[in-house]
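I opened the notebook to go through this model step by step.

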Amino acid sequence: MQRIGIAASKIAKGNLFLYNFFVILLSFFISLLVFIISGLLIIFSLVIIAYLTQMPIIVDLQKGNISPISICMMFLGTIIGISNLYAIGINVKIKRN
């Protein structure tokens, strides 16, 4: 998480507004990348489990009930969102030192 601030400071070159902008932008893109990769792995593993156990309830998205895929993705999004806010909170600078 500290590397986000280091990368943003090298890109911004002393401009405080650009530094904060790049911290938010880099944090967003990194968390989006982590969400996509881990989300695909979760969905792929749940589909494999549903195929091996012959339980179509795991991947059935047409029903009115909440599927395990939706629950896993909601928890994953929450955890990644909280860690993204934490990374932004650590790296954002209000005043210049």
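I took helices to be DSSP runs of H or I with at least four residues, numbered from the N terminus. By that rule I placed Ile90 in helix H3. I kept in mind throughout that this is a predicted model.

**Entry: fold**

I counted the elements next. The protein has three helices and zero strands. Read from the N terminus, the order is α-α-α. I then looked up burial. Of the 97 residues, 25% are buried. I also checked the reach of the contacts. Among those between residues at least 6 apart in sequence, 58% join residues at least 24 apart.

**Entry: Ile90**

I went back to Ile90. How far apart are Ile90 and Met1 in sequence and in space? I found 89 residues in sequence and 7.9 Å from C-alpha to C-alpha. I set aside neighbours within four places in sequence and listed the contacts of Ile90: Met1 and Gln2. Is Ile90 buried or partly exposed? Its relative accessible area is 32%, so I noted Ile90 as partly exposed.

**Entry: nonpolar cores**

I looked for the largest nonpolar core. It holds seven residues: Ile4, Ala8, Ala12, Tyr19, Phe22, Val23 and Ala87. Which helices each supply at least two residues of this core? I wrote down helix H1 (2-12) and helix H2 (16-53). I then took Ala12 by itself. Not counting residues up to four places away in sequence, Ala12 touches Leu18, Tyr19 and Phe22. I found another core lying apart from the largest one. This other core has five residues, including Leu46, Met73, Leu76 and Ile80.

**Entry: rings**

I turned to the aromatic side chains. How many aromatic pairs are there? I got two. The ring centres of Phe21 and Phe22 are 5.5 Å apart. Their planes meet at 65°, and over 60 degrees counts as edge-to-face, so I filed the pair under that heading. Phe28 and Phe29 form an aromatic pair too, with 5.6 Å from centre to centre and 55° between the planes. I filed that pair as tilted.

Phe21 is partly exposed, at 42% relative accessible area. Phe28 is partly exposed at 44%. Phe29 is partly exposed at 46%.

I also looked for a charge over a ring. Lys93 lies over the face of Tyr19, 5.0 Å from the ring centre.

**Entry: largest pocket**

I asked where empty space is left. Rolling a probe the size of a water molecule over the atoms shows this. The largest pocket has a volume of about 160 Å³. I listed its lining: Met1, Ile4, Ser27, Ile30, Ser31, Val34, Ile80, Ser83, Asn84 and Ala87. Which elements give two or more residues to this lining? I recorded H2 and helix H3 (68-91).

**Entry: Ser27**

I picked Ser27 from the pocket lining. Ser27 sits in helix H2. Is Ser27 buried or exposed? The relative accessible area is 3%, and under 20% means buried, so I marked Ser27 as buried. Leaving out neighbours within four places in sequence, Ser27 is in contact with Ile4, Asn84, Ala87 and Ile88. I saw that Ile4, Asn84 and Ala87 are also among the lining residues of the largest pocket.

How values were computed. Residues numbered from 1 in each chain as written. Predicted model: local features only at pLDDT ≥ 70, side-chain atom pairs only at ≥ 80, totals over all residues. Heavy atoms only, no water. Phe/Tyr/Trp six-rings, centres within 6.5 Å; stacked < 30°, edge-to-face > 60°. Buried < 20%, exposed > 50% of the residue type's maximum accessible area, 1.4 Å probe, protein only. Lys NZ or Arg CZ within 6 Å of the ring centre and 35° of its normal. Core = buried A, V, L, I, M, F, W, Y, C linked by side-chain atoms within 4.5 Å. Contact = heavy atoms within 4.5 Å. 1 Å grid on protein atoms, 1.4 Å probe; cavity = no way out; pocket = protein on both sides within 12 Å on 5 of 7 lines; lining within 4 Å. Points joined across faces, edges and corners; volume = space filled by probe spheres on them.
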